[in-house]
Amino acid sequence: MIQTQQLTKRFKDVLAVDRLTLEVRPGEVFGFLGPNGAGKTTTVRMLTSLIGPTSGSAVVNGFRVGEQDTEIRRSVGILTETPGMYDNLSAERNLRIFGELYEVRNVAEQVAKYLKLLGLYERRFDPVAEFSKGMKQKLAIARALLHEPKLIFLDEPTAGLDPEASRLVRDFIAELKAEGRTIFMCTHNLDEADRLCDRIGVFKSHLLVVDTPAKLRASLFGRKVVFHLRSTDAKMIQTVSKLPFVRGARAVENKLVVTLDDPEANNPEIIRTLVKAGADVQFVGELRHSLEDVYFQLVKGA
Amino acid sequence: MNKIKIILCKEWAEVFKHRMVLFTVVFLPLMMTALPLGILWGTGEVGSTDSLEGTIDSEMPEPLVAAMCPEGLSGADCFQVFMVSQFMMLFMLVPVAIPVTIAAYSIVGEKTTRSLEPLLATPITTLELLAGKCLAAVIPAVLATFGAFGLFALGSRLIVANPMLLTALLDARWLIAIFVVGPLLAIMAVTFSLMVSSRVSDPRVAEQVSMVIIVPVLGGFFGQMAGLFVLDRTLVTWVAVVMLALDLGLLFLAGRVFQRETILTRWK
């Protein structure tokens with residue numbers, strides 16, 4: 001869906017995007033994470049052919065950036081950082097204008113469909129100026145989808161929304177994912193990225209890392225499994241530590257925290273060892289590092 | 001062409017919601033029509049006494065007499081032609097002021113609502129967008145100018161009894177000015193406003209700065225009043241030629257300013 005090779009954008013003295021090489025696969029939700037000013041929006045603008053790259057190349061939906069810009073714009077949907085609606089016009093009129101510009105054949109039907117899907121149909125003739133921020137954001141999402149693009153760029157889709165509106169937007173993104181659409185999502189909301197994204201790219205002018213959230217956690221912190229025991233002693237820790245696949249083990253009160261690469265394969269062996277050593281295993285669970293931990297580890301390191 | 005029409009309709013739907021724009025488009029042409037008609041009616045009353053007979057020939061400069069006073073008109077008639085001509089110069093403010101107001105709200109409005117980026121993300125070309133925006137400002141200005149001049153012609157016909165005087169009032173000079181220079185002035189005003197609007201972020205500031213464009217029109221008014229030149233048919237034709245060249249240059253410059261990347265990265 002998206003392939004970039006050494007994609008670079010420079011604004012005079014500022015290097016906004018530095019040699020970005022990336023692949024986004026069809027049907028996946030790709031989270032693009034990074035601090036403010038990292039170049040995320042610039043990347044989206046390049047990939048949607050709004051601005052041209054300084055060097056490097058990109059292919060979006062099979063079209064080359066800088067050569068087939070109109071085709072790219074026609075084939076992708078974009079939710080910009082701010083909704084950018086025409087406040088004096090009604091919701092319906094706003095969508096109709098964009099439907100016509102995207103050359104949608106059945107504009108009226110598509111407009112009605114998305115207004116209903118996003119719960120705005122009853123307010124369709126009201127001026128957008130009277131809408132709440134969440135309603136405007138939903139309307140902007142509808143606008144991005146009118147022409148049924150297979151690839152959608154979402155720039156901060158839940159920024160500034162209340163929890164209810166955020167949840168509605170997230171659920172809608174999940175529905176789009178279920179429909180098999182490819183989504184490239186810039187976000188600061190790490191919890192949102194964790195829930196929705198198949199893969200994540202952490203970006204700060206250049207791409208720091210790309211992987212699934214689970215693999216990112218594992219590669220940075222390893223995977224930690226917590227064994228809740230009736231009681232622990234030094235012998236138990238020593239026995240577990242000697243197992244060849246254990247990267248580390250420590251006791252915290254009655255809990256034994258073990259660092260592993262492959263808990264699914266190694267947990268049964270550890271439990272057997274602990275039971276042999278006389279431990280009563282009450283409960284086993286994984287200690288999850290939040291994506292926030294991963295993010296800060298990467299960004300601060302950069 | 002279809003996308004230009006979409007932008008055109010969108011602009012009108014948005015821009016005419018602003019009272020200031022509506023006021024300018026409706027009130028200004030009516031005022032500029034009423035002024036010369038009032039002058040015509042008022043000087044007609046004065047002229048009927050023939051008190052100005054002789055004064056015109058002896059005191060007005062020769063070129064002015066030649067331009068304003070065709071053979072067969074009385075001195076009082078010539079005086080009427082002269083007075084109305086002065087105010088008709090002000091009439092040329094209509095095709096300048098209207099597009100400046102519309103363009104200021106249209107471009108800066110897009111900036112304040114941040115609606116340009118989603119618009120540029122559609123498969124519209126920059127030329128289509130620019131053309132749509134320009135036409136949205138030029139068409140109302142040109143229509144208002146033509147309409148107001150039509151009203152003036154109709155009013156003159158009702159006020160003036162002498163067919164020769166009527167012909168002198170609505171001569172080729174004014175027809176060229178209204179139907180050729182008027183649209184060219186409107187294009188110049190809108191391209192100038194486009195460039196100004198790209199640098200400011202408040203519609204009122206954009207409008208005020210863009211209004212600098214009325215200075216040449218006012219210069220024409222005061223210049224003729226002071227006897228510096230006479231706006232005869234030849235001069236009006238030359239003005240049209242110069243305006244055409246200026247418009248082409250300004251359109252080229254506006255096209256350079258109105259680049260996607262420039263708009264997105266510098267219009268803040």
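Which residue in E5(A) does Val59(A) stand opposite? In this predicted model, Val59(A) faces Arg64(A) across the pairing of two strands. The strands concerned are E4(A) and E5(A), which run antiparallel and share two bridges.

Chain A holds eleven helices and 14 strands. Its C-alpha atoms fill a box of roughly 75 × 45 × 30 Å along the principal axes. The chain has 302 residues, and 50% of them are buried. Among contacts with a separation of 6 or more, 69% join residues 24 or more positions apart. The accessible surface of chain A comes to about 13800 Å². Carbon and sulfur atoms supply 48% of that surface. Charged side chains number 43 positive and 39 negative. The centres of these two sets lie 3 Å apart.

The open sheet consists of four strands of chain A. Their order is E2-E1-E4-E5, and the pairing is antiparallel. E2 and E5 (63–64) of chain A stand at the edges. Each has a single partner strand, so one side of each is left without a neighbour in the sheet. In a regular strand, side chains alternate between the two faces of the sheet.

Strand E1 of chain A spans residues 2–11 and pairs with E4, residues 55–60 of chain A, over five bridges. This pairing is antiparallel. E1(A) also pairs with E2 of chain A, residues 14–24, again in the antiparallel sense. Here the bridges number seven. Ile2(A) has a partner in each of these strands. In E4(A), its bridge partner is Val60(A). In E2(A), the partner of Ile2(A) is Val24(A). E1(A) and E2(A) form a hairpin with two residues between the strands. In this hairpin, Lys12(A) adopts a positive phi near 50°.

Chain A also meets chain B. The contact draws 27 residues from chain A and 25 residues from chain B. Together the two chains bury about 2500 Å² between them. Of this buried area, 62% lies on carbon and sulfur atoms. On the chain A side, Leu50(A), Tyr86(A) and Leu101(A) lose the most area to chain B. These three residues together account for 27% of what that side buries.

Definitions and conventions:
Residues numbered from 1 in each chain as written. Chains lettered and ligands numbered in written order. Predicted model: local features only at pLDDT ≥ 70, side-chain atom pairs only at ≥ 80, totals over all residues. Heavy atoms only, no water. Pairing = 2+ DSSP bridges. Buried < 20%, exposed > 50% of the residue type's maximum accessible area, 1.4 Å probe, protein only. Contact = heavy atoms within 4.5 Å. Areas by Shrake-Rupley, 256 points an atom, 1.4 Å probe, with all protein chains shown as cover. Lys, Arg positive; Asp, Glu negative; His and termini not counted. Charge placed at Lys NZ, Arg CZ, Asp CG, Glu CD. Buried area = accessible area lost by both parts, 1.4 Å probe.
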